[in-house]
Amino acid sequence: MNRLLVFCVLFSTAALAQQKTVLKGGKLLTISHGTIENGVLVMQNGKITAIGAEGSIMIPKDARVIDTRGMTIYPGLIDSEDNLGLTEISAEQSTNDLIESSDEIMPHMHVYDAFHAESELIPVTRLNGVTNAIIAPDTKDTLPGQDSFVQLAGKTSQEMLLIRDIAMPLNFTGDQRHNESWDKRKFPQTRMGMAAQLRQAFLDAQDYAQHWADYEKKKSEAAQKTDDKDKKPDDKDKEKDKKPPTPPKRDLKLEALLPYLQGKKPIVLAAEEANDLQTAVSLAHEFNLKFVLSHISHSQSVLDYVAGLKVPVIVGPIYEDPKPYERYDTVYSLPAQLYKRGVKIIFASFDAHNVRNLPYQAGYATAFGLPYDEALKAITLNAAETWGVADQLGSLDAGKAANVVVANGDPLDLRTDVKQVFIAGKEIPMTSRQTRLRDQYSGQ
Amino acid sequence: MNRITIRVVFLFLVFSVFTQAQQPSARNEVVIKHAVVMTVTHGIIQNGSVYIKDGKIAAVGKDVSAPSSATAIDAGGKYLTPGIIDSHSHIALDDDVNEATSPITPQMMMIDAFDYQDKAIYRGLAGGVTTSLLLHGSANMIGGQAVVIKHKYGLNRDALLFPGAPRSIKFASGENPKRVYGGKDQLPSTRMGNFAVQREALVQAQDYMREWDDYNAKVKKGEKDASPPKRDLKMEALADVLRGNLLVQIHCYRADELLTEMAIAKEFGYKVRAFHHALEAYKVADQLAANNVAIATFSDWWGYKQEAWDAIPWNAVMSMRKGVRVAIKSDSGDFARRLNQEAAKSIRYGGATDEEALRMITLNAAWIIGVDDKVGSIDVGKDADLVIWDGYPLSSYGVPSKVFIDGDVYFDRSLPGFGMTHYSEGQ
């Protein structure tokens, strides 16, 4: 997608933030260049325009200055997979647009077609400092559709959908088999079935691409011949070829796979156990797919292999129960184990209602050996880099979007209260359906 | 009925004798030193000590006099809390949680499904949980009778049973029963049906009690030809509800249903011990407090179904401030591993003090189960169920370092493998 254009739109709609806003006197966790005590951060036109220690930054005279002494200020958090905007009440099917489960291979499902900007879940989420997210379909099928990257504020879904079809999940966790019961069994019932079906889909897409390439070639040849004919008007043998070639029938499903087969966009390859992980990676290699890994919660035996793949890993969620044969902290310590091997890690909530708890996952991982700064990076800059938006998001740097969170303490600690959130420089009202209920019943 | 009571008492005696035999040998004395002791009932003791004798807390304070023969454990300035208590769990039941074939199944005994080898018990233990209430599911208006366990993973089944814990029974209301039976085109399929089914069962139990009372009166009068009514396990269990012999634990979400359940309890003369989930408790907290009904709730889980749509993370503290006894429970093997974090959220959402937050997963949970005289705080005479923590327990960073139950270490994070002292794989 044309990312630049999208961001331009975003900033122009935030035009009411023309006003200069200054956060003065807080502790700035820049992510990219350390911590600045007694910092100053200037926002204008939806962007961070200056950041530094107090005294080193000119505070514009006409700026609105917010005293943030005692506060901790950090970039908006990025959740690298969730279902926000696709569900409201989990058990109420009429409120769910999570997955089109009529078939396993549905790459032409675009979450942006379902993303519900007015979802009550979104204010609840951003109140805890999560400002951006990868929205993915549910994981029940191997290829359920394509993800979008959103910001969690905006008047319409158009405004919130920053990058459409940013990536495509390929789920191979074992949960996608349709073998609920022997009577209701349906293809693919096994991992072999799932892999064969995926392979066929990618082969079909390759064929499809070939048909279009052949057509394009014929078309240009025909055009060439027409040119030739113009030069030799009486060449009767060429008359037959004058008709332009018929284009192949468009197939949206196969068309959707092409950017991934061409390595233009990443696949999010989800697997849990070592065997599934290796099957899925082999499949990705077979078709030269560019990918990032996801989950790998029970692949501790092959972490060196994972490191050798040199791709980012969206870990967890680390709350995933260990297998009966695993020690209680096997999944909790996975981020630290990967980090030790030089793997770039990212956290995701893989949730909808509880996305707000994303930072606590990162915090808990530090109790099992992940360095604090890395934990923070895993929900900010690492995510931004992985999704190709690090020029705009993921750290407090001049020139980046003003997605800024002001809290009364450590962002990874669940005791910390978020006081103010800015998204694209806009001050977010710190209210949600939940705060309204709280206030309604507090008064009695 | 008396016969049955005697039998129950006898069974408990058998259990406790058996339990003694199953205990790990360690009756030795232990003193934990240099700990920040979070007592729950009488504040925090900096650089405090706890002296354990015969599995009980024998002394707690800045300085305790323990014999030099006692094994000393240096906590190295770490936090020491009571063992965490989970007042709503379905682990170790091997998925036999719901007998969803009838909306009234009070004769189900969860102990009959109790799988003492389930690793979920270990994972809870590693999260600091020492006691859990294992409940029937919520498919039925009146489900089965709970089992209370201590997380002594690695011992035999009966050694995991909490000695002398009172009996609890699970009730449910709202969406689950009406969905389960409505889905089969059976009664109940509405909330009206739910409560009608519940009242009807209680009326039958009243009749059943009357028959037995009549019979017992005849026997007392010496009527030789008096024949006993047929014993009915279902009715016996409900009669125990009406007699107040069972703690009534009710799965209930909506404010209107909380009120209806309390009204039915009043009508039939039993007490509700606690509402579980109770996500709308904040709307009727005054009434809950007035009836001395506790709640066992989630910290911030919401939106998973219609009746969880008005859930707010301030529920626990708003209810507490109105005088409701509040516990945070897991209802899942996952949350059970980090209940300390779930409780700590109440510090942020509503401003609970650290001690109030800790009480939600210790003493208040113990009260709901009816074992608050034995566990739930660091007080002399109570079971030595204790947790030494790495990091601050009421934060994102608290992780149990050592977990004691009845004075013995059952989990030690520094050990290789599973970190357990009474279990090794393949034993």
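In the complex, 28 residues of chain A are in contact with 32 residues of chain B, contact being defined as C-beta atoms, placed from the backbone, that lie within 7 Å. The model is predicted: local features need pLDDT of at least 70 and side-chain atom pairs count only at pLDDT 80 or more, while totals for chains, interfaces and linings use all residues. Residues are numbered from 1 along each chain as its sequence is written, and chains are lettered from A and ligands numbered from 1 in the order in which they are written.

On the side of chain A that touches chain B, helix H9 (358-366) and helix H12 of chain A each supply at least two residues. Helices (H or I, at least four residues) and strands (E, at least two) are DSSP runs, numbered from the N terminus. H12(A) gives the largest share of this side, five residues. By class, the side of chain A that touches chain B comprises 14 nonpolar, seven polar and seven charged residues. In this classification Ala, Val, Leu, Ile, Met, Phe, Trp, Tyr, Cys and Pro count as nonpolar, Asp, Glu, Lys and Arg as charged, and the others, Gly among them, as polar.

Chain A contains twelve helices and 16 strands. Its C-alpha atoms fill a box of roughly 85 × 60 × 50 Å along the principal axes. Buried residues make up 48% of the 444 residues in chain A. A residue is termed buried if 20 or more other C-beta atoms lie within 10 Å of its own, exposed if 12 or fewer, and partly exposed in between, with C-beta atoms placed from the backbone. Of the contacts in chain A with a separation of 6 or more, 69% are between residues 24 or more positions apart.

The domain assignment divides chain A into domain 1 (1-75 + 394-444), domain 2 (77-184 + 254-389) and domain 3 (192-248), with bounds that come from an automatic or database domain assignment. The C-alpha centres of domain 1 of chain A and domain 2 of chain A lie 26 Å apart. Their contact takes 29 residues from domain 1 of chain A and 31 residues from domain 2 of chain A. On the side of domain 1 that touches domain 2, at least two residues each are supplied by helix H1 (3-13), strand S14 (404-407), strand S15 (418-423) and helix H12 (433-442) of chain A. The largest share of that side, four residues, comes from H1(A). The side of domain 1 of chain A that touches domain 2 of chain A has 17 nonpolar, eight polar and four charged residues.

Strand S10 (residues 267-273) of chain A is mostly covered, with six of its seven residues buried. S10(A) runs parallel to strand S9 (residues 161-171) of chain A, to which four bridges join it; two strands are taken to pair if DSSP finds at least two bridges between them. In this pairing, A:Val268 of S10(A) is the bridge partner of A:Pro169. S10(A) also pairs in the parallel sense with strand S11 (residues 291-298) of chain A, over six bridges. There, A:His295 in S11(A) is the bridge partner of A:Ala271.

In chain B, the 14 residues of helix H6 (residues 255-268) should span 20 Å at 1.5 Å a residue, and the end C-alpha atoms are 20 Å apart, which agrees; the expected span is 1.5 Å times one less than the number of residues. B:Ala255, B:Glu257, B:Leu258, B:Glu261 and B:Met262 of H6(B) are buried. Their cover includes strand S11 (247-252), strand S12 (272-277) and helix H7 (285-290) of chain B. H6(B) is followed by B:Gly269, which has a positive phi near 80 degrees.

Local backbone features were also examined. The peptide bond from A:Gly316 to A:Pro317 is cis, with omega near 10 degrees, and A:Pro317 lies in the loop between strand S12 (313-315) and helix H8 (334-340) of chain A. A:Asn38, a residue other than glycine, has a positive phi near 50 degrees and is found in strand S2 (residues 35-44) of chain A. A:Asn38 is partly exposed, with 13 other C-beta atoms within 10 Å.

Notes: Contact = placed C-beta atoms within 7 Å.
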